[in-house]
Amino acid sequence: MKIWRRNKLLWLLFLPCLLYYLIFKYLPMFGLVITFKDYNLFKGIWASSWVGFKYYRMFLENPDFLLLMKNTFLLGLYRLVFGFPAPILLAILLNEVRKASFKRLVQTVSYLPHFISNVIVASMVIMFLSPTGGLINNLLGGLGIGPVNFMNEPGFFRIIYVLSEIWQHIGWETIIYLAALTAIDPQLYEAAEMDGAGRLRRIWHITLPGISPAIVITLILNIGQVLEIGFEKVFLMQNPAIYETADIISTYVYRVGMQQGNFSYGASIDLFMGVISLVFIYSANWISRRISETSLW
């Protein structure tokens, strides 16, 4: 009780956050029971008939299951492989910049895309890549290359999506690593320079080890999100011509759950993917704990 009384103001500040997670994160979990029922909107949850694992089996036996899993996993993997190192590299480069005004300019320019909605970003991508008047095709035309309909070519979709994700979020994600860099003692750089270490050696032996805990934590979290591809941007950028590479789990759930009204089936797929993501993040954390001293728990 003494702890509660002594920190009552802190608990009061924490209360809105606690209520948010209780109301919007934990209470909705009750609705997961519809994944085991043939949910009828008019009958309600309790009156709907119990069907067990029917919808999970339906998804696993779906002819499109492997394609959806492949598209989702590859899109998440490419985003992890190419998108995860990008903010680390930008943070290191900014840390080496000595001109403060230029550094602030680069930070501001790189942050801004994060605040642009996915609707606008998708519209910009489609507009820039348009075969009729798009900026990219105009540049290709100047090189003597005919117009390319990028958004109707399945092979281009993953590249376009990953590049747009890097451009949109690289500046915002750099904040974490810039904050970690401030904790590195400047005297380490001075000592290394006096010992004759060049810039690359200082980065390799001081900068990277100094931010390695932040790198490991964010890597674990990103591995857990490999299959959690954002629905909005993929949905806005895809079309039936590129479904073979652009159709992912979240867009399929939207079609069967919202458009077709099969709420139980859609919720079952979503829960199935959530369990897989949980396995990913637990595995990544276990491996990190075994090979290093940094982990989430």
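Helices here are DSSP runs of H or I with at least four residues, strands are runs of E with at least two, and both are numbered from the N terminus. With that in hand, hello everyone, and let me walk you through this chain.

What we have is a predicted model, so local features need pLDDT of at least 70 and side-chain atom pairs count only at pLDDT 80 or more, while totals for chains, interfaces and linings use all residues. Residues are numbered from 1 along each chain as its sequence is written, and side-chain values use heavy atoms, with hydrogens and water left out.

First, the overall picture. The chain holds 15 helices and 2 strands. Its C-alpha trace spans about 75 × 75 × 35 Å along the principal axes. Of the 297 residues, 37% are buried, where buried means under 20% relative accessible area, exposed means over 50%, and partly exposed is in between, using a 1.4 Å probe and protein chains only. A contact means heavy atoms within 4.5 Å. Among contacts with a separation of 6 or more, 65% join residues 24 or more positions apart.

Gln107 sits in helix α6, residues 100–111. Is Gln107 buried or exposed? Its relative accessibility is 17%, so Gln107 counts as buried. Beyond the neighbours within four places in sequence, Gln107 touches Leu94 and Leu178. Gln187 belongs to helix α10, residues 186–194, and counts as exposed because its relative accessibility is 55%. From Gln187 to Arg290 there are 103 residues in sequence and 31 Å in space, C-alpha to C-alpha.

Next, the interior. A nonpolar core is a set of buried Ala, Val, Leu, Ile, Met, Phe, Trp, Tyr and Cys residues joined through side-chain atoms within 4.5 Å. The largest one has 55 residues, and those with the most contacts inside it are Phe59, Phe157, Ile249 and Ile269. Which helix gives this core its largest share? That is α9, with 10 residues. As for Phe59, leaving out residues up to four places away, its contacts include Phe65, Ile249 and Ile269.

That brings us to helix packing. Axes are lines fitted to C-alpha atoms, for helices over the stretch in contact, and angles between N-to-C directions run from 0 to 180 degrees. Under 35 degrees is roughly parallel, over 145 roughly antiparallel, 65 to 115 roughly perpendicular, and the rest oblique.

Let's begin with α4, residues 65–83, which packs on α9 at about 45° with the axes 10 Å apart. That angle makes α4 oblique to α9. Among the residues that meet are Leu74 and Tyr78 in α4 and Phe157 and Tyr161 in α9. By class, this contact has 8 nonpolar, 2 polar and 5 charged residues. Here Ala, Val, Leu, Ile, Met, Phe, Trp, Tyr, Cys and Pro count as nonpolar, Asp, Glu, Lys and Arg as charged, and the others, Gly among them, as polar.

Helix α9, residues 154–181, also meets α7, residues 118–128: their axes come within 11 Å and cross at roughly 130°. So α7 is oblique to α9. The contact includes Val121 and Met124 of α7 and Ile160 and Trp167 of α9. Its residues divide into 5 nonpolar, 3 polar and no charged.

Last pair: the axes of α11, residues 199–224, and α15, residues 263–291, come within 7 Å and cross at roughly 155°. That makes α11 roughly antiparallel to α15. Ile220 of α11 and Phe280 of α15 are among the residues making this contact.
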